2 protein chains.
Amino acid sequence: MPRNIRPAPIRSTAEFARHVGLARSTVSRVLNGQSGLKQETIDRVLQAMAETGFSRNAFALHLKGKRTASVGICMENLLRVPAVLKLAELQKRLRERDYTSLIEVLDPDGTKRAVSHFLSMRVEAVIFIGYFAEKEIAERIGELSRVGMPHIVIDHPGVPGANTVTLDRRKAMEELTRHLIGLGHTSFGLLGISEAAKSTWDRLRGIADALEAHQMSLEGNTVSFDHLFPREYNFEFGRSLAKSFAAIRSRPTAFLSLNDEIGAGAIRGFRECGLDVPGHVSVTGFNNQDLCLVSTPQLTSVDQQVSQTIEAAVDMLFSQIGKPHRSRPMIELIRPLVIVRESTGPVARA
Amino acid sequence: MPRNIRPAPIRSTAEFARHVGLARSTVSRVLNGQSGLKQETIDRVLQAMAETGFSRNAFALHLKGKRTASVGICMENLLRVPAVLKLAELQKRLRERDYTSLIEVLDPDGTKRAVSHFLSMRVEAVIFIGYFAEKEIAERIGELSRVGMPHIVIDHPGVPGANTVTLDRRKAMEELTRHLIGLGHTSFGLLGISEAAKSTWDRLRGIADALEAHQMSLEGNTVSFDHLFPREYNFEFGRSLAKSFAAIRSRPTAFLSLNDEIGAGAIRGFRECGLDVPGHVSVTGFNNQDLCLVSTPQLTSVDQQVSQTIEAAVDMLFSQIGKPHRSRPMIELIRPLVIVRESTGPVARA
DNA sequence: CTGAAAGCGCTTACAG
DNA sequence: CTGAAAGCGCTTACAG
């Protein structure tokens, strides 16, 4: 059956040159877009490329010394929507600069293997997106700095020595808290935000900033029930917390959540207990995901400004590639945007 | 300042062998885990690796003929949550088999460049996730088949000649429609599901299947207002459609949506017009995303069964790698799971 | 344009 | 264990 006879694929420029009837070096020159070639020759080569599906072996190409024009991206496994948007945006911008990207989606403690893969692939830089195990990422940054490999850490603030671009979560929480204080609130419930989780330390500071500016404090004006439930940081976690708060007498009038899922869950929980949002209690989320719109009432939240974040990261990245290594890390904070929706309102008159 | 003097990174096994004080071939044997080496030698090499951060040049490694043990993944740009879950799950399972993955996140019509990149990187297979431009992906599959490159298409049914794993969306819509018929509904509004979008053809067929089994038909028992709004397929689209439906007299009593966002938007739209869900109208979503829980009432939807899908895809993939090319494409349909929640109920008594 | 040659960084027999 | 050698598939001068 002739339809099943496939010509063996061409595996090298030598073979390919023979097939086109040209010298190996001539083919090579065409493929590298060098000048001084007859148009006819060029066309012959390109047509044969299309016909045979031949493609040069990238491994030989880069072995010969050609830049790989690639960067490695370590992406935290916990794939929430904002992280994914960042990845897509990042790859788009890298492609615009003719860079390819190697992506590894991994557990927060799986960076070692990924980075060594990147190094063996001779990437020109390494990017981390997400929140990784503190010790691990600090080690990786140390290793990369030691060999002078450019790097960026996106959204994991506080890694020693790391070039970092991150949303100013402290500022975000400060603004959110100020918004609530402006509505008359003086007692705050914290949902999933606590000193226990290292990654939320800066948010707690932001809340404190706003409180202290109005002669309030974390100790005196915030309450947490996080210890009552397993830390799932999802809709059900928020719902459970809300039900616990609904059951007590001297309940806070405003609630700040770690993320939108918890916030939406809290709204649901309060309403199931007969409390009106924002009539009786105000609730905020974080991340400004689609589900803020889906919630009833729609959820006040904080936008991550993905586009600005990635733009800053890419700029910072290319300020390192091909330049001498700088010992001082660069740090850029992205200004958050508070989106006020229906879930926050004036404190209820007693 | 000595702290700024970094030793120049070691760039080759030759240099590295000199540094350790061993022969190049000995180092090579250690790195390849060959037998017949003194433990002391092995330890010396491994320790020096750790100290210097040396890693073999992957390009030389694979040029020499070592399998790349890599697959290329083309990922549609339109990054919805289920697609991302698939990506993460896929990469995890590939890693378990010691495969690395090259991922390109791209526009539905950008496959050509990505695939040629994969081929030049000598991947052992190519995977497509998402819905691509019909003509483009058909061309790519043709090219890949011609050179005998294993491939899988996930979630784009109907590509000629393609090895395909996809959720049985026809079956899904049939079951969802049967669920509604069982609740007494006989008049259905379609939100974002129409013949116009090639990608929803199979869902329309599924609805027809269920209707026809009960002496109903698409023509006689379904209505669409899709033509009144720009096709955004998001929350606002659903909300606008619902408001249009709310305004008419002989309104359907059940609504089938293209996705969860539209379904949630429809619920919101109906409620804003004073209609109770599911008291007056029932609404369904598709994809079973987190936001189904956030919606009030919670949204009846269809789960994509990501884990089963990826498992089937990986199995199908490895049934091709290293085996002779088969001319008959393999096709596997994944059985969907209807999740009934609060947004669907008995038809209202007039 | 052609053709022969060197070299990129590896691995893998091979003789010692 | 060492050391010299061949070869993977490319590019890039170089002489013709």
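**The surface near DNA strand D**

Modeller: Four helices each supply at least two residues of the surface near DNA strand D: helix 2 (24-31) and helix 4 (58-63) of chain A, and helix 2 (24-31) and helix 3 (39-52) of chain B. Helices (H or I, at least four residues) and strands (E, at least two) are DSSP runs, numbered from the N terminus. A word on the source: this is a predicted model, where local features need pLDDT of at least 70, side-chain atom pairs count only at pLDDT 80 or more, and totals for chains, interfaces and linings use all residues. Residues are numbered from 1 along each chain as its sequence is written, while chains are lettered from A and ligands numbered from 1 in the order in which they are written.

Back to the DNA. In total, 25 residues surround DNA strand D. A residue counts as near if its C-beta atom, placed from the backbone, lies within 6 Å. The closest are A:Ser28, A:Ala60, B:Thr26, B:Lys38 and B:Thr41. Helix 2 of chain A gives the most to this surface, with four residues. By class, the surface has eight nonpolar, 10 polar and seven charged residues. Here Ala, Val, Leu, Ile, Met, Phe, Trp, Tyr, Cys and Pro count as nonpolar, Asp, Glu, Lys and Arg as charged, and the others, Gly among them, as polar.

Both chains supply helices to this surface. How are the chains related?

44 residues of chain B are in contact with 44 residues of chain A, contact being C-beta atoms, placed from the backbone, within 7 Å. Helix 4 (58-63) of chain B is among the elements that each supply at least two residues of the side touching chain A. That side has 21 nonpolar, 15 polar and eight charged residues. 100% of the interface residues of chain B are also interface residues in chain A, so the copies meet through the same surface.

Last, step back along chain A. An automatic or database assignment sets the domain bounds: domain 1 (2-63), domain 2 (70-162) and domain 3 (169-303). The centres of domain 1 and domain 3 of chain A, taken over C-alpha atoms, are 62 Å apart.

How values were computed:
Two residues are in contact if their C-beta atoms, placed from the backbone, lie within 7 Å.
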